[in-house]
Amino acid sequence: MTRSPSLICKGCWQNLRLPVPLRGIPSLPFRVFGLKPSRMNPNTCTFCELAFTTIMRARNVDIDASVMFADLRGYTGLTETLQPQAMSELLDTFYDACGNAIWAHDGLLNKTIGDAVMAVFNFPVKHADHAAHAIAAARLLQEDCRVRFAEFSRTHGIDERSLGVGIGIASGIMKFGEFGHSHRDLTAIGTVVNVAARAQSAAVPGEILVTQGVHDRTPTLGWKDAGRDYTLKGFEAPIRLYAA
C-alpha cells in the first residue's frame, strides 16, 4: 500500500495548526528557510525533527511512543554468492518497503543500521493508538517484503526461503532528542528501545514479536497465541513476547 504524499506537513498541522506546504509552488518560499520534507518521514518537515529544541526548549524530551526494529535476514549469507550490485538492489528493496510501511502509518523512519531499520511512532505525528499503528506498519512491511523478495529471488535465482524479516516492537516512555556532542544523533533511547531491539533479534524470519505493553494497548487486534517468555540479551528476567 503506497499512499500519495501529503501536500502539507502533518506534524506542523497537528501540533501548531500551521499549513506548512511540502510540495509544489507554495513550498518554494519555505525552502529559503530550510523547510523541506524530512528524510525520516516525507509527510513531515525538517522543522518537526527539531521541534522540541525550539518549542519545548530542550535537547531531549520524554515521550510515550512505540518503537519498531526490523532486520533483513539472509543478507549476510547472500554476500558470499551474489554480486555487490545485486546486494545493493536487495538493500534498496528492503529500505523502500520499510519506508512505505512506516510512512503509511505516520511513523518516523529514524535509523538505517546496516540491514536493519528503527522506526518511532507517535512523534512528531501523534496517535493515541500508536501501538496499533506500529503493528499495522509491521504487518504491511512483512506482506510487502514477501512479494518483493519472491520477485527478487526469481530474478537472481536464489531460494526465496533464504530471505525474511524479523520485527520487534515495544511501547512506553522513552527519551527522544539529540544525543552526543561531537556528533549529534536525533533518536530515541531507553529501556523500551532496548527491549524492542532484543525482541527483533528473537523473532524468526517472517515473525513480529511485541512486548506485553504493546499487547495490552491493542486488545482488539487478533493475537496468534498467549505469548511466551524469552530470555533476551542484557535482561536478567525473562520477558514475555507475543506474536502479532
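Mentor: Gladly, and let's start with Thr 218, which has a relative accessibility of 3%. Keep in mind that this is a predicted model.

Trainee: Why does Thr 218 count as buried?

Mentor: Buried means under 20% relative accessible area. Thr 218 is at 3%, so it counts as buried. Its place is in the loop between α9 and β7, and beyond its neighbours within four places in sequence it is in contact with Ala 131, Ala 132, Ile 135 and Trp 223.

Trainee: What about Thr 44: buried or exposed?

Mentor: Thr 44 has 1% relative accessibility, and the limit is 20%, so it is buried. Thr 44 is in the loop between α2 and α3. Its side chain reaches the backbone oxygen of Asn 41 at 2.9 Å. Not counting residues up to four places away in sequence, Thr 44 touches several residues, including Cys 9, Leu 22, Pro 37 and Val 125.

Trainee: Why are Cys 98 and Cys 145 called buried?

Mentor: The relative accessible area is 0% for Cys 98 and 1% for Cys 145. The limit is 20%, so both labels hold.

Trainee: Cys 98 is among the buried residues of α6. What covers the buried residues of that helix?

Mentor: The cover includes β1, α5, β2, β3, α7 and β4. Among the residues they cover are Met 87, Leu 90, Phe 94 and Ile 102. After α6 comes Asp 106, with a positive phi near 60°.

Trainee: How do you know that the length of α6 agrees with 1.5 Å a residue?

Mentor: Its 21 residues should span 30 Å, and its end C-alpha atoms are 30 Å apart, so the two agree. Helix α8 passes as well: its 12 residues should span 16 Å, and its ends are 16 Å apart.

Trainee: Which residues of α8 are buried, and what puts them on the same side?

Mentor: The buried residues are Val 192, Val 193, Val 195, Ala 196, Ala 199 and Gln 200. They cover an arc of only 160° around the axis, and therefore lie on the same side of α8.

Trainee: One last label. Why is β1 described as mostly covered, and which strands pair with it?

Mentor: Of the 14 residues of β1, 11 are buried. Two strands pair if there are at least two bridges between them. β1 pairs with β4 in the antiparallel sense over 14 bridges, with Ala 65 opposite Gly 172. Six bridges join β1 to β3, also antiparallel, and there Asp 71 has Ala 116 as its bridge partner.

Note on methods:
Residues numbered from 1 in each chain as written. Predicted model: local features only at pLDDT ≥ 70, side-chain atom pairs only at ≥ 80, totals over all residues. Heavy atoms only, no water. Helix = DSSP H or I, 4+ residues; strand = E, 2+ residues; numbered from the N terminus. Buried < 20%, exposed > 50% of the residue type's maximum accessible area, 1.4 Å probe, protein only. Contact = heavy atoms within 4.5 Å. Expected span 1.5 Å × (residues − 1). Arc of directions from axis to C-beta. Polar contact = N/O pair within 3.5 Å; in protein donor to acceptor, adjacent residues only side chain to side chain.
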